[in-house]
Structures are given as structure tokens and as C-alpha cells.
Amino acid sequence: MRRFSADYLEQTREGMWADSREALVDLDLDSRSRILDVGCGTGELTRVLAADSPAEVVGCDADPRLLEVAHEHVPTVAGDGLRLPFVDDSFDLVVCQALLINLPDPAAALQEFARVSSDLVAAIEPNNAAVSVDSTVDREVDLESRVRETYLRGVETDVALGDRVETLFEAAGIEVESTRRYTHEKRTDPPYSETALRSAARKASGAAIADHETELRRGLKNQESSYDELRREWREMGRSVIEEIQRGQYERIERVPFDVTVGRVD
Ligand SMILES: C[S@@+](CC[C@H](N)C(=O)[O-])C[C@H]1O[C@@H](n2cnc3c(N)ncnc32)[C@H](O)[C@@H]1O
């Protein structure tokens, strides 16, 4: 199982769903009574669901370290998304965010979602091949795009599922009702938030790139540059980011498209 740090999840999800919840409208949150968020990680989406629904909202994940963080905010249960520890029809909405892209057999997880849901199943999945970054540090744009391409080459699951999730729903026997697009736009500009400062520090220390070391090493096989070279360039870029922050000149915009697919079980 691919593991994520709590820092990585908190930073990548910062501000997500704070600007607009329009793409969540077909989850029908107002009328739900029990919601399960599978692969909830630190509970970033689980908290949004709990804030917007009268339902009892439960987060489930296979990584107990992440559940500790989620559990500070919402009820949690440890479990594997492919063998959920719940009886049939336990929830009226089973949802995940950025889980399917990390699974070797995402359709099998959707079948399991359909087993424990009596009504709706939803998946909120990014298309990581369509991420865009603008930055006042020129080499950040180039380096992030090289790292992204290398990661996409080295990763063993389909991290660019995007709008192909519909086909998976159909394979799992779930009738698709709608797909809506949400673009998570993350802006970094002065005055810098705590998260922005931590994110810059993680770039300069190499921690941000180390999160994906396995996939990057695999993606660099038979390529001219090595992981250590990439990491060195990345850390230099991180130091430039910190210098610009100190001068109050650093600005960055990242856009990640997510597709929200909602289906109904029979
Ligand atoms: C990219 S993170 C997304 C976390 C959270 N949904 C969010 O959007 O911030 C993927 C999550 O899926 C969890 N995960 C991966 N495989 C799993 C499995 N088979 N069963 C349950 N959780 C799993 C990981 O531990 C991680 O928390």
C-alpha cells in the first residue's frame, strides 16, 4: 500500500472545498443519514462532509498513523477499502477522495463500496497528468513538471484516472448519475500562511520529494539523471523559494482538476 505523510496530506488539501462546494451537490449531503469516507487519510474531506451534512460521518483508512489525526475531528474505523469492516447497506453514501488512483484494482474497491451502501457511491479523483503550476521561481515550474512526469512513469497505479472513473463505476455495476469538475486552486502569496512556510521548508529539506522516492527512482530507471541529482536540484529550488519568501516576493498558483463521479446502487 502506498503510504502518505500527514504533513503531505494537510498541505496538498489546504483550502480544498473552501471556495466552492458546487461539485458536491449530487452527493445530496442534506438528506444523508450515514456517510462513510474510505481512504480518509487525515480526514480532510471527512470534515467537509461532517460540516455540510446532518449525517453521522465516519472516516475509514488502512493507515493507523493518519487515522490518529482524523480521529481528532471525526469518528474513525481502521479498515481496508477492499474488505470494509461493515455489513451490507450500512451507509447511504460511501465516498472516497484520491483513493482509487492509489489502488491496483479500483473497480474492486467500488464493488465493495456498492456492497456497504444502500443508495449512493461517489468518487472524487484527481487527474494528476493535468496539474498546472505557475511560480515566480522559474525553475520551480520546470522542475515540478519534470518530477510529475517522472512520477507518472514510475507509479504502478493509474494516478491520472480523472474522467475515466465513469467506466470503473460501470464495471462495478454502479449506475453513474453525474460527473462534475472541481479545480483545486492553491495560491501562495504574502502574507504567507503557516502551511506555505512549512511547504517551502519541506522543499528545501528534500522531505517533499522523499515522499515519492520509490516512484521517482522507478521512473528514473534508464534515464540520464539520477534520483540524487533530482533531489539536489529540488532542494536548491526550495532554497530559492525560501529566499523569495524572505523578500516577500514569492507567488505560486497550483491547479489540480478533480472529477466528482456520483452513482446509485441497485
Ligand atoms: C492520497 S491519500 C487521500 C487521503 C484523503 N482521502 C484526502 O483526500 O486527503 C490516499 C489514502 O488512501 C489510503 N489507502 C490506500 N490504500 C488503502 C486501502 N486499501 N484501504 C483503505 N485505505 C487505503 C491511504 O492510507 C491514504 O490515506
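The largest nonpolar core in this predicted model has 48 residues. Those with the most contacts inside that core are Leu36, Leu84, Leu100, Leu110 and Phe113. Take leucine 84. Beyond residues up to four places away in sequence, leucine 84 touches Leu36, Val38, Cys60, Glu112, Phe113, Arg115 and Val116. There is also a second, separate core, of 24 residues, which includes Trp17, Leu120, Val133 and Val260. As a general point, nonpolar side chains in soluble globular proteins tend to be buried together.

Next, strand 8, residues 252–264. Why can we call strand 8 largely enclosed by the rest of the structure? Because eleven of its 13 residues are buried.

Which strands pair with strand 8? Strand 7, residues 175–188, runs antiparallel to strand 8 and is joined to it by 13 bridges. Within that pairing, arginine 180 stands opposite valine 260 of strand 8. Valine 260 is also one of the residues in the second core. Strand 5, residues 117–126, pairs with strand 8 in the antiparallel sense over seven bridges. Here glutamate 125 has aspartate 259 as its bridge partner. Strand 6, residues 132–135, pairs with strand 8 as well, antiparallel, over four bridges.

Is valine 121 buried or exposed? Its relative accessibility is 0%, so valine 121 counts as buried. Setting aside neighbours within four places in sequence, valine 121 is in contact with Leu93, Val94, Leu110, Phe113, Ala114, Phe169, Ile174, Thr261, Val262, Gly263 and Val265. For a sense of distance, valine 121 and proline 191 are 40 Å apart, C-alpha to C-alpha, and 70 residues apart in sequence.

Last item, helix 7, residues 194–205. At 1.5 Å a residue, its twelve residues should span 16 Å, and the end C-alpha atoms are 16 Å apart, so the two values agree. Which residues of helix 7 are buried? They are Thr195, Ala196, Ala200, Arg202, Lys203 and Ala204. In general, an α-helix has 3.6 residues a turn, so residues three or four places apart point the same way. The buried residues of helix 7 pack against helix 1, helix 5, helix 8 and helix 10, and against strand 7 and strand 8. Just after helix 7 comes glycine 206, with a positive phi of about 90 degrees.

Methods:
Residues are numbered from 1 along each chain as its sequence is written. This is a predicted model: local features need pLDDT of at least 70, side-chain atom pairs count only at pLDDT 80 or more; totals for chains, interfaces and linings use all residues. Side-chain values use heavy atoms; hydrogens and water are left out. Buried means under 20% relative accessible area, exposed over 50%, partly exposed in between (1.4 Å probe, protein chains only). Helices (H or I, at least four residues) and strands (E, at least two) are DSSP runs, numbered from the N terminus. Two strands pair if DSSP finds at least two bridges between them. A nonpolar core is a set of buried Ala, Val, Leu, Ile, Met, Phe, Trp, Tyr and Cys residues joined through side-chain atoms within 4.5 Å. Contact means heavy atoms within 4.5 Å. The expected span of a helix is 1.5 Å times one less than its number of residues.
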